[in-house]
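Here are my notes on the model you sent over. Have it open beside you while you go through the points.

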Amino acid sequence: MSRISRLASLCFVVVAAAALAAQQTPPAATSPAGSGGLNRAPAAPTGPAPRLPNGQIDLSGVWQGGGPVGNIADGLAKGETLPIKPEWRKIMESRKAKDDPEANCLPTGVPRRDPYPWRILQTPTHTFLLFEGNIHSYRQIFMDGRRHPEDLDPTWYGHSVGHWEGDTLVVDSVGFNDKFWFDFQGTPHTETLHTVERYTRTNMATLVIETTIDDPGAYTKPFKISFTARLRPGEELMEYICNENNGYVQHITGAAKEF
Amino acid sequence: MRVSVGVLAGLATMVLLARPVVAHHSFAAEYDANKPVTLKGTVSKVEWMNPHARFYVDVKDEKGTTTNWNLELASPNVLVRNGWTRNSLKVGDEVTVEGSRAKDGSNMANARVVKLADGRRVFAGSSGGDAPPPAQK
């Protein structure tokens, strides 16, 4: 069956299931507040991307998404597959979901995201990405023209330097550890990972993040992924301390690839 | 109310296709969307903490034996954004929970919908992503 007809079949199943459910199940659940928190949020503003007084694009705001959560391959161009080396494919397929560092309250690394909002904060010398969710941490991107130091200690978020190419913020990062996974599926990388992220606010409410992933350790060639973050108008970050009560991870029995 | 196998299968399909990603871990590796469970009982404990709010329900079977179930919700952050408060569930509340059982066979489940003591059915935020709850009917 072709991909399109499979998709059509899936759509049919969903619509049919929804119709069946609508006929025979109790009224849909609502939230304790009635309309629900997110329903109270104002509609996303329209218009072009805002600019700072110096004319540069203003990326600041609270965003959601913009990177892989479940499967990094979702961000590939149509028809492309991950150029993963066979030995790393084997490692990936043997991974258990309970061992996902992110599920164990460790950072997502780059370019992974989680389902929580995050904020971009721009200063003349740094750009900060402030994450609510895993793990209530931040990335710092140096904007003062410095280069990556030699012989970096491997870290979860690596060392990031940024510059502007027209209206796009380009962030170059190296110095990663090999501990984080790219997604729930356990898509791997090694310490030779080098990422180049291109942040383009295509309009007021949309931020396209295109990332080139170059990791000769685990992949046969560099590849590009693209994900879109959406503005969360009126939203503020909340406290999220993942380690407070994460005592049930060992109940996760499935393989990472089951996601 | 009697729910047909077809409806349960349909709902399970929807849950599977929804690709729940609100958790900070894989849903499908921990819970079995093909094992829906409905539990009615009394709330014995509430843990309003990240990364997941949890509550525990004492469920009595027809023989009078009580089993304590451990039920996972979304995070307090997601629940608050969907209109919950830390007082939405209280110890002693009589509730009915619809969810999916843990794959490891323990008395754990992911709560999808909770019927609160006052009769309202509320979206538990666990399996639909960080999306608005279904429209009120």
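1. Start with β5(B) and strand β6 (residues 121–123) of chain B: they run antiparallel and are joined by 3 bridges. Strands here are DSSP runs of E with at least two residues, helices are runs of H or I with at least four, and both are numbered from the N terminus. Two strands pair if DSSP finds at least two bridges between them. One residue pair to look up is B:Lys115, which stands opposite B:Arg121 in β6(B). The two strands form a hairpin with 5 residues between them, and B:Gly119 in that turn has a positive phi of about 95 degrees.

2. A word on what you're looking at. This is a predicted model, where local features need pLDDT of at least 70, side-chain atom pairs count only at pLDDT 80 or more, and totals for chains, interfaces and linings use all residues. Residues are numbered from 1 along each chain as its sequence is written, while chains are lettered from A and ligands numbered from 1 in the order in which they are written.

3. Now the β4 side. Strand β4 (residues 94–102) of chain B runs antiparallel to β5(B), with 6 bridges joining them. B:Val97 has B:Val114 in β5(B) as its bridge partner. This hairpin, too, has 5 residues between the strands, and B:Gly105 takes a positive phi near 80 degrees there.

4. What sense does the pairing of β3(B) and β5(B) take? Strand β3 (residues 66–72) of chain B pairs with β5(B) in the parallel sense, over 3 bridges. Check B:Asn70, which stands opposite B:Met108 in β5(B).

5. How covered is β5(B) itself? Mostly: 7 of the 8 residues in this strand (residues 108–115) are buried.

6. Chain B as a whole has 3 helices and 6 strands, in the order α-α-β-β-β-α-β-β-β along the sequence. Of its 137 residues, 47% count as buried.

7. Over in chain A, 9 strands close into a barrel, in the order β1-β2-β3-β4-β5-β6-β7-β8-β9, with mixed pairing. Within chain A, strand β6 (residues 168–174) and strand β7 (residues 194–203) run antiparallel and are joined by 6 bridges. A:Asp172 has A:Val196 in β7(A) as its bridge partner.

Terms used
Buried ≥ 20, exposed ≤ 12 C-beta atoms within 10 Å, placed from the backbone.
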